[in-house]
Amino acid sequence: YERFLDVFLSQKANVTTGQIYQEVLRKERAGEYLGQCVQVIPHITNEIKSRMRAQASDDVDVIITEIGGTVGDIESQPFLEAAREVRRDLGAENCMFVHVSLVPYISAAHELKTKPTQHSVKELTGLGIQPDIIVCRSEKALTRDVRAKIGLFCNIPADCVFENLNARSIYEVPLMIHEEGMDERVCRLLGIPAPEADLT
């Protein structure tokens with residue numbers, strides 16, 4: 001991401017599950033929890049939240065936190081819970097959820113399938129996370145009807161459903177996202193006044 005943002009990111013910008021558990025174990029052994037029973041919630045999730053916010057400073061406008069993996073994986077559950085708590089802590093006007101989902105194209109049927117996206121969003125909402133924007137990875141362009149269907153079944157406006165088509169180069173992706181208008185929508189949802197993007 002540094003190559004897109006033109007900023008230097010420190011080691012704080014990358015967090016692994018092992019780092020989280022190691023730090024919680026260190027604190028427990030040092031007595032920092034005052035003999036409490038160490039649990040995933042709140043101890044692990046609090047450590048994850050502190051790592052998510054570690055980049056915050058006066059000269060930082062936005063922190064983007066990517067939670068890898070697939071919704072429903074056991075490994076990602078503490079991270080998703082921490083993200084849910086961050087939104088509660090900061091307020092919905094200061095935090096948004098962008099869900100990236102695969103919309104496969106079934107060549108035999110000549111159609112895009114929205115069920116995987118509907119299912120992953122259902123899983124997310126069951127965890128207390130309602131996406132504000134859905135980015136659909138696909139090899140074929142999304143029609144207006146497909147966007148409307150995803151919006152309807154995922155409880156978001158159809159104009160908050162964006163396509164992210166396969167690209168020849170990763171450097172084309174920001175240009176494609178800008179062309180879709182997603183950057184403007186993110187700024188609007190977060191109440192960030194921004195000039196016209198200069199992508200030269």
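In the predicted model, strands β4 and β5 run parallel and are joined by 5 bridges. Within this pairing, Ser138 has Leu165 of β5 as its bridge partner. Helix α6 packs on the sheet and touches both β4 and β5, with its direction at about 125° to that of β5. Helix α5 lies across β1 and β4 and runs at about 145° to β1.

The sheet is open and consists of 3 strands in the order β1-β4-β5, with parallel pairing. Strands β1 (98–102) and β5 stand at its edges; each has a single partner strand, so one side of each is left without a neighbour in the sheet. From one strand to the next, the twist averages 25°.

Helix α6 spans residues 144–154, and its buried residues are Val146, Arg147, Ile150, Gly151 and Cys154. Seen down the helix axis, the buried residues of α6 fall within an arc of 135° and therefore line one face of the helix. The face turned away from this buried side carries the exposed residues Arg144, Asp145, Leu152 and Phe153.

The cover over the buried residues of α6 includes both strands and helices. Among the strands are β3 (111–112), β4 (133–138) and β5 (161–165); the helices include α5 (115–126) and α7 (173–180). After α6 comes Asn155, whose phi is positive, near 65°.

Technical notes:
Residues numbered from 1 in each chain as written. Predicted model: local features only at pLDDT ≥ 70, side-chain atom pairs only at ≥ 80, totals over all residues. Heavy atoms only, no water. Buried < 20%, exposed > 50% of the residue type's maximum accessible area, 1.4 Å probe, protein only. Helix = DSSP H or I, 4+ residues; strand = E, 2+ residues; numbered from the N terminus. Arc of directions from axis to C-beta. Contact = heavy atoms within 4.5 Å. Pairing = 2+ DSSP bridges. Axes fitted to C-alpha atoms, helices over the stretch in contact; angles between N-to-C directions.
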